[in-house]
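Open the model in your viewer and keep the selection panel at hand. Each stop below says what to select and what is there.

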Amino acid sequence: MSVSKFVVAAIAMSVSMTALGAGSHGSGHGHGAKSGEPAKFPEGGRTITVEMHDNYYEPEAFDVKKGEIVRFMVENKGSLVHEFNIGTPAMHEAHQDEMMMMVEHGVIQGGKLNHKMMEMDMGNGKTMKHDDPNSVLLEPGESKEIVWKFTDKGDIEFACNVPGHYQAGMYGDVNFN
Amino acid sequence: MKTTLLSGALALLLPVISLAGEYDLTVDRVEIDTGDFVKEGIGYNGASPGPVLRFKEGEDVTINVTNNLDEMTSIHWHGLILPFNQDGVPGISFAGIQPGETFTYKFPITQAGTYWFHSHSGFQEPDGAYGAIVIEPEGREPFRYNREYVVQLTDKHPHSGDRIMRNLKMMPDYYNREQQTVGEFFSDVSENGLMNTVKDRMAWGGMRMMKADVEDLQGFTGLINGKGPDQNWTGIFKPGERIRLRFINSSAMTYFDIRIPGLEMTVVQADGNNVQPVSVDEFRIGVAETYDVIVRPRDDKAYTIFAESMGRSGYARATLAPEEGMEGSVPELRESARLTMADMGGMHGMDHGSMEGMDHSQMAGMDHSAMKDMDHSNMEDMDHSNMEGMDHSQMAGMDHSAMKGMDHSNMEGMDHSNMAAGGASDPFYAPGSGLVPTAANGGKFLSYADLKAQSPLYEDREPTRDIELRLTGNMERYTWSINGVKYEDADPIRLQYGERVRFKFVNETMMTHPMHLHGMWSMLDVGAGQWNPVKHTISVQPGTTVFMETEVDEPGQWAFHCHLSYHAAAGMFRKVIVEGGPESTKAAVSAQTTGVGGDA
């Protein structure tokens, strides 16, 4: 194995390891706080449409009840890649490091996702797929949905963790009432 | 009847719909107190800096400028896209504003963001004639903040601009305190022995020593919003708030490295145009550039805005605090950057391709501007680490091809940290440059390479023409020029309306030049295609080649120059004429350009 190949593999491993960590955020770990869990959408449940623009959401806040299951229809109406991620501020901060790595390795390139790179088998069965249940990562024009159960009250935000976007203000509050 | 009614109704509505604002500015003699010294200068509405002009995108502005000086004046709206006869450059856009005269500028505001204005006459700008422009966008911003402050920097010098220029012309290193002195010769003698010192210096000829020219104007006091470091301009915040800071560098000559210890800064705009947000610990702001950043201080304490000059000869300081009077600690100035051989790599015909093991890290302030056709390709293992301030301007046609294994074993202080192999790197600095900035906390320092347009302003297309501009100069005579020709001897650059021109800047000097094209955008090539950032001022580092593209979409004639005041005045300046364009504007252009005089 050449040195450069080894370096790529090492980076890939570190990405997939941390990605795994992010995946387990959904069920909560370490922080003693969690943002809820994936769920099956019940009949008559509530749907919230979220538009992602450059670089902000519409709406910028919404209300939920403890235990409520909400379906989010998320659409990227901007011209850059954006994420919709439900988590605590600490979870977002941790995820931002991973997203930075995805940018540095060319997975996120402005308005494009390098799917080939995301799908690539890094040799240990792991990939740089962004497939955590609490988030979607969308190219311009793409739409996806998340069904999420807000199991407990907490300090929960929805946020885009593409580098710089959260800091520029691309986040919103989930208010419990 | 129906249509008449309709148009009548529209006519009634229109004045209500269209925004129009009228603003008055007086140009006055003012007193400037930096805390270090008090100095007479020039300001607007009785103060320097002048007021912050707040416009709204889509507004038609009328600005009445009354000249209360006993000399001609002018105001240039730096970065604004407007008809050329409103651009305020005497001799190019208009005839200037005579003493006692009121000139009325009228133009539509077609953009948003942070900009500034300044006199384009003589050295009135370094003497204090500048202010800020803030334009609110029609739609929402692509970022959020709770409050905002203009943070306008300058390098106020106790000498007037005229006097500085005279002194620089007389003695180019007049304001260079770092220069090597006779005393240093003797200290080298005591360290290295007389014979070695003499031999070392003799070996390289002329030996008129001159040191670092990272900055050729030292001895200033850095001001933020008109306040010196001890006067400490303070912006108030509530912990947890998001603050937009609109940094503007209105210095005559000084680049600043800016940081706020304890806060990450998210850069959201450069030169008035939104960029994809990038979070940094520190950034370098070139003369005439602007950067908007968002910070979020969460703690109930004071934070220091610390702006060190690139050459570390001075600083500006301000504070963000929950209450007036609170202060954060003020860091020490870091050590001065030193030019390396790499920073001179752009100079004429030199081939250093095969040199190895050389360390020139202590060499600085060298002028090799007249060297030609040198071939050093077989030099090896040289160490010149204590050479400083050499003048090689008379060398020509040298062939050192047989030199090998030179041993200057009594030299001390070998340092390879500035060579390409190690240390900091930035694609916009020469490989191995001594000027590459690093963040004080070891974190992220903004590079031009990080700047990507938030949304492309123009459709991306192939340039229709390339124009090479070599940035040239002779430090010995303090002449600065483009392609070796100074402004008064140069033909204008002629562009055709509708072209997309690719400018190639080749910096053959040892100084950084912030190049500013008036009237049309400069799209800096960072390799991001349609996402290349849209700027009005582009810094070109020593020994580097930088490309920018311009959509030639504004008829008329425009200024194009290095924004270092004394370089522009010395001749690093061009007139750009845009030929052709819509019929309606052509007539206006020819009417305007006849009988234009002035002092540009």
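Helices (H or I, at least four residues) and strands (E, at least two) are DSSP runs, numbered from the N terminus. This is a predicted model: local features need pLDDT of at least 70, and side-chain atom pairs count only at pLDDT 80 or more, while totals for chains, interfaces and linings use all residues. Residues are numbered from 1 along each chain as its sequence is written, chains are lettered from A and ligands numbered from 1 in the order in which they are written, and side-chain values use heavy atoms, with hydrogens and water left out.

**Stop 1: a loop in chain B**

Select B:Asn232. Look in the loop between β10 (221-224) and β11 (233-236) of chain B. B:Asn232 is not a glycine, yet its phi is positive, about 50°.

**Stop 2: the five-stranded sheet of chain A**

Now go to chain A. Color the strands β4-β12-β11-β6-β9: in that order they form an open sheet with mixed pairing. Two strands pair if DSSP finds at least two bridges between them. Neighbouring strands here are turned by 20° against each other on average, direction ignored.

Zoom in on β6 (residues 82-87) of chain A. Four bridges pair β6(A) with β9(A) in the antiparallel sense. Pick A:His82; its bridge partner in β9(A) is A:Leu138.

Contact means heavy atoms within 4.5 Å. Axes are lines fitted to C-alpha atoms, for helices over the stretch in contact, and angles run from 0 to 180 degrees between N-to-C directions.

**Stop 3: two cis peptide bonds**

Stay in chain A. Select A:Asp54 and A:Asn55: a cis peptide bond joins them, with omega about -15°. A:Asn55 sits in the loop between β2 (46-53) and β3 (56-58) of chain A.

Then select A:Glu58 and A:Pro59. The peptide bond from A:Glu58 to A:Pro59 is also cis, with omega near 0°. A:Pro59 belongs to the loop between β3 and β4 of chain A.

**Stop 4: where chain A meets chain B**

Show both chains. Chain A brings 17 residues to the contact and chain B brings 16 residues. Between them the chains bury about 1300 Å², 44% of it on carbon and sulfur atoms. Buried area is the accessible area (1.4 Å probe) that two parts lose on being put together, summed over both. Which residues of chain A lose the most area to chain B? Select A:Gln167, A:Ala168 and A:Tyr171; together they make up 37% of what that side buries.

Next, the polar pairs. Between chain A and chain B, 10 residue pairs are in polar contact, both at pLDDT 80 or more. A polar contact is a pair of N or O atoms within 3.5 Å; within protein, one must be able to donate a hydrogen and the other to accept it, and residues adjacent in sequence count only if both atoms are side-chain atoms.

α4 (165-168) and β12 (171-176) of chain A each supply at least two residues of the side that touches chain B. α4(A) gives the most, with four residues.

Two salt bridges cross this interface. A salt bridge is a side-chain nitrogen of Lys or Arg within 4 Å of a carboxyl oxygen of Asp or Glu. Select B:Arg140 and A:Glu60 to see a salt bridge at 3.1 Å, N to O.

**Stop 5: a salt bridge within chain B**

The structure holds 35 salt bridges over all chains. For one of them, select B:Glu141 and B:Arg244, whose closest N and O atoms are 2.9 Å apart. This pair links distant parts of the chain, 103 residues apart. B:Glu141 is in the loop between β8 (130-136) and β9 (147-156) of chain B, and B:Arg244 is in strand β12 (residues 243-249) of chain B.

**Stop 6: the six-stranded sheet of chain B**

Finish with β21-β20-β23-β28-β25-β26 of chain B, the order of an open sheet with mixed pairing. Its edge strands are β21 (479-482) and β26 (534-535) of chain B.

- Strands β23 (residues 500-507) and β28 (residues 545-551) of chain B pair antiparallel over seven bridges. Pick B:Phe503; its partner in β28(B) is B:Met548.
- Strand β20 (residues 465-474) of chain B pairs with β23(B) in the parallel sense, over seven bridges. Here B:Arg470 has B:Val506 as its bridge partner.
- β20(B) and β21(B) run antiparallel, joined by four bridges. B:Thr472 stands opposite B:Ser481.

B:Tyr478 lies in the turn of the hairpin formed by β20(B) and β21(B), and has a positive phi of about 50°.
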